[in-house]
Amino acid sequence: MRMRLSTAAAGVLLLAGVGAAAAQDVIIAPEQETVIRQYVEKQPLASVKIPGVELNIGSTLPDTVELYEVPDVEYRYVVVDDRTVIVDPGTRRIVKIIE
């Protein structure tokens with residue numbers, strides 16, 4: 001009986017962890033993404049290289065990387081390796097990569 005309870009408890013904790021991870025995913029509304037894309041096209045930046053940082057959703061950019069504002073949008077952007085990267089300015093985590 002104890003083994004079943006422990007297995008059930010482990011399953012519940014695992015599912016809770018998956019739910020918490022999903023809740024941290026950032027979804028940019030299509031309207032916001034359109035605003036960002038249009039702004040970035042009008043305000044092109046030189047591409048930078050960031051050694052040692054993989055460009056993945058959730059990766060954190062170092063404080064040495066300057067982030068640029070998009071008016072009326074909570075996120076910032078920078079161009080890294082010719083890819084536009086949308087970043088949460090509070091955490092400096094990549095939330096979207098625009099190809």
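The side chains of Asp63 and Arg92 meet in a salt bridge, with a nitrogen-to-oxygen distance of 3.4 Å. The model described here is predicted. The two partners fall into opposite classes of accessibility. Asp63 has a relative accessible area of 69% and is therefore exposed, as the cut-off for this class is over 50%. Arg92 has a relative accessible area of 14% and is therefore buried, as that class covers values under 20%.

Arg92 is also one of the residues in contact with Ser59. Leaving aside neighbours within four places in sequence, the contacts of Ser59 are Glu54, Arg92, Arg93 and Ile94. Ser59 is located in the loop between helix 2 (30–42) and strand 1 (68–69). With a relative accessible area of 18%, Ser59 is buried.

In total, the model contains five salt bridges. In general, side chains of opposite charge can pair when their charged atoms come close. A salt bridge is also formed by Lys96 and Glu33, whose closest N and O atoms are 3.5 Å apart. Here too the pair links distant parts of the chain, since Lys96 is in strand 4 (residues 93–98) and Glu33 is in helix 2, 63 residues apart. Lys96 counts as partly exposed, at 25% relative accessibility, whereas Glu33 counts as buried, at 17%. Both residues take part in a network: salt bridges that share partners join Glu33, Arg37 and Lys96.

A further salt bridge connects Lys49 with Asp81, and the closest N and O atoms of this pair are 3.3 Å apart. Lys49 lies in the loop between helix 2 and strand 1, while Asp81 lies in the loop between strand 2 (76–80) and strand 3 (83–88); the two are 32 residues apart, and the pair links distant parts of the chain. Lys49 counts as exposed, with a relative accessibility of 69%. Asp81, at 34%, counts as partly exposed.

Conventions:
Residues numbered from 1 in each chain as written. Predicted model: local features only at pLDDT ≥ 70, side-chain atom pairs only at ≥ 80, totals over all residues. Heavy atoms only, no water. Helix = DSSP H or I, 4+ residues; strand = E, 2+ residues; numbered from the N terminus. Buried < 20%, exposed > 50% of the residue type's maximum accessible area, 1.4 Å probe, protein only. Contact = heavy atoms within 4.5 Å. Salt bridge = Lys/Arg side-chain N within 4 Å of Asp/Glu carboxyl O.
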